[in-house]
Amino acid sequence: MDILSNLAMGFGIALSPFTLMLAVAGCFLGTIIGALPGLGPSNGVAILIPLTFTMGLDATSALVLMTAVYYGAMYGGRISSILLNIPGDEPALMTTLDGYPMAKEGRAGDALVLSGVASFVGAFLATIGLMLLAPMLARVAFYFGPAEYFALYLLAFCTLGGMASNNQAKAALASCIGLAIAMIGVDNNSGMPRLTYGNMHLMDGVDFLVAIVGLFAIAEVFFFIESHGKGSSIGVKLDKVGIPWKDIMATKWTMLRASGVGFVAGILPGAGASLGSFLAYMSEKSLAGDKGGFGTGVPKGVAAPEAGNNAAAGGALVPMLTLGVPGSGTTAVLLALLMTLNITPGPTLFTDRPEVVWGLIASLLIANIVLLLMNVPMVKIFVKILMVPAWVLLPGVTMISFVGIYSLSGSYFDLLLMVGFGVLGYVLRKLDVPTVPVILGILLGGNMENALRRAMVLSDGDALFLWSSPIAIGLWIFAIAGFVAPMFMRGLLRKPQRITD
Amino acid sequence: MASDRIFGLVMLFLALAYMASATQIQTSFLADPVGPRAFPLLVGGVAALSSLVIMLRPDPDPDWPVARTFLSLGLAVVVLVAYAYALKPLGFVIPTAIAAGILSYQISPRPLAAALAGIGLSLGLFVLFKFALGLSLIGLPKGWF
């Protein structure tokens with residue numbers, strides 16, 4: 001009954017009035033961030049990190065606040081998917097397929113409440129799964145040496161590139177861009193500057209927060225300038241919001257199945273929430289058959305991807321906390337948050353700082369319940385917030401990003417770098433090069449190189465040491481399979497097209 | 001097609017330049033078997049290879065915006081860079097109002113609304129950051145009051 005006593009300790013931390021207030025505030029803010037078109041979870045969490053940092057919160061409070069924002073944004077994403085047919089982020093895409101048609105039939109309120117309940121089920125089950133699985137995985141992770149860690153990082157890049165992108169070469173290139181940027185700065189082992197080209201500002205390396213805010217938030221502004229903010233007005237009406245008990249009962253098995261599928265997909269390092277919602281939707285679609293009417297606005301088509309998406313968001317926390325390898329773009333941003341707070345994720349986190357882990361898990365459970373209670377009666381308020389026009393929202397986001405990054409170091413160089421990353425993000429996204437591997441590369445590059453170098457020190461330069469344990473060999477096989485296999489399964493994994501009016 | 005080929009070529013050159021500068025990294029007497037050069041070289045090598053593949057097997061072209069949109073994107077970058085330089089000497093309020101106003105105008109070209117959005121955002125965010133979040137921002141340039 002280790003888990004229960006740990007959980008009791010976690011609730012002891014998370015239920016203090018101040019932390020509870022942070023969780024509620026985070027949920028509210030997160031739902032707004034998720035609901036606003038053009039501000040997804042990764043975006044929102046990224047621009048808030050520097051601000052929480054300057055507010056001087058301690059590690060646990062900051063973590064509680066930001067995970068509440070993270071879960072809230074996952075909930076909020078469905079609002080713009082259903083009402084505007086604009087997915088707030090990649091995983092929310094599947095919700096538009098049935099959510100928007102359902103809203104057009106005049107059942108927008110039902111779709112919103114149903115998806116809220118499905119989100120709750122998915123996230124709640126995933127948090128329980130996280131509680132059971134993470135300590136076990138943390139024990140396994142103690143057997144990981146540098147060779148295994150190197151293989152694990154490789155696995156993350158390979159699966160991310162393989163599953164989440166349409167073109168392997170472009171995903172690999174994106175990872176390399178990130179890794180190459182991570183190398184800039186003073187080398188840890190020799191103490192010599194590397195690739196700084198004599199620039200004093202680059203001696204510290206490139207701050208990952210600068211890269212994240214640039215690639216996600218600033219790039220988004222360029223996209224809105226290109227499109228002149230079109231397509232961000234509400235096309236469907238929301239009348240009365242009640243609780244559709246019939247639909248909830250009819251989809252209960254769908255929610256449970258989708259949560260299972262989503263959780264497993266979330267655990268795979270690098271695969272993340274997009275795969276979770278995709279697999280959940282597709283498996284329910286094939287289970288229902290042609291008569292299921294998926295794609296025409298059926299409740300099951302709304303419940304499945306939302307449960308899967310939120311379960312995957314919880315599942316993605318498992319590799320992030322136990323191994324330090326994030327499973328999706330947003331967990332990569334959360335990893336950045338942990339690193340900013342000087343918390344090193346990994347197996348030792350569970351033994352050295354149990355208060356952080358269990359406080360986090362308890363606050364996830366609390367956030368979940370708060371979100372459900374908040375989302376059903378207050379959905380109308382969130383819908384009102386959607387009316388904020390793009391020509392106020394996007395300049396506002398830009399200015400908040402600037403202040404956040406400026407408050408980190410107070411140097412204009414970081415701001416210029418951020419604008420540069422914004423331009424890079426625009427070009428990469430235009431060319432269909434995924435930007436999440438770039439972030440992952442910047443975050444993990446230093447660790448990956450250190451793992452390689454430590455392994456070589458241990459073996460005195462014998463490269464075969466990298467494949468010396470069964471765990472390492474297994475990880476290498478998974479990495480190669482994860483990168484190569486999707487090339488042959490392109491047809492199978494093809495994503496359904498977005499519905500256009 | 002053409003976009004990917006150009007992109008691949010540019011990235012190939014960048015990767016090669018990166019590898020070339022990686023060979024210039026100084027090693028110290030505290031050398032480990034791998035040293036500080038090997039990993040950057042490896043990353044550059046993989047990047048060069050991926051760039052070659054992108055050049056040889058390009059995807060269809062994306063929808064590039066028309067020349068006028070490119071012009072306004074370029075202007076947006078100029079505004080952001082100028083804003084980055086102006087933030088320290090000129091304080092928060094004035095540069096923010098101007099930059100936010102221009103960005104707003106570029107998203108939706110209505111001068112009055114954009115000007116109001118700029119001024120409103122500037123003052124609203126200043127109050128939020130300064131008094132609600134307690135950041136130490138300089139509102140107006142020193143010596144004005």
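**Ground rules.** I worked with a predicted model, where local features need pLDDT of at least 70, side-chain atom pairs count only at pLDDT 80 or more, and totals for chains, interfaces and linings use all residues. Residues are numbered from 1 along each chain as its sequence is written, chains are lettered from A and ligands numbered from 1 in the order in which they are written, and side-chain values use heavy atoms, with hydrogens and water left out.

**Helix pair.** I looked up H14(A) (residues 329-340) and H20(A) (residues 436-459), whose axes come within 10 Å and cross at roughly 25°. Helices here are DSSP runs of H or I, at least four residues, numbered from the N terminus; axes are lines fitted to C-alpha atoms over the stretch in contact, with angles from 0 to 180 degrees between N-to-C directions. That crossing makes H14(A) roughly parallel to H20(A) (angles under 35 degrees count as such).

I then listed the contact (heavy atoms within 4.5 Å). H14(A) brings residues including Leu335(A) and Met339(A), and H20(A) residues including Ile439(A) and Leu443(A).

**Chain interface.** I found 61 residues of chain A in contact with 60 residues of chain B. The buried area is about 5400 Å², with 80% from carbon and sulfur atoms; it is the accessible area (1.4 Å probe) lost on putting the two parts together, summed over both. Ile225(A), Trp391(A) and Met399(A) supply 13% of what chain A buries against chain B, more than any other three residues.

**Domains of chain B.** I noted domain 1 (2-56) and domain 2 (67-132), with bounds from an automatic or database domain assignment. Their centres, taken over C-alpha atoms, are 38 Å apart.

How values were computed
Helix = DSSP H or I, 4+ residues; strand = E, 2+ residues; numbered from the N terminus. Parallel < 35°, antiparallel > 145°, perpendicular 65-115°, else oblique.
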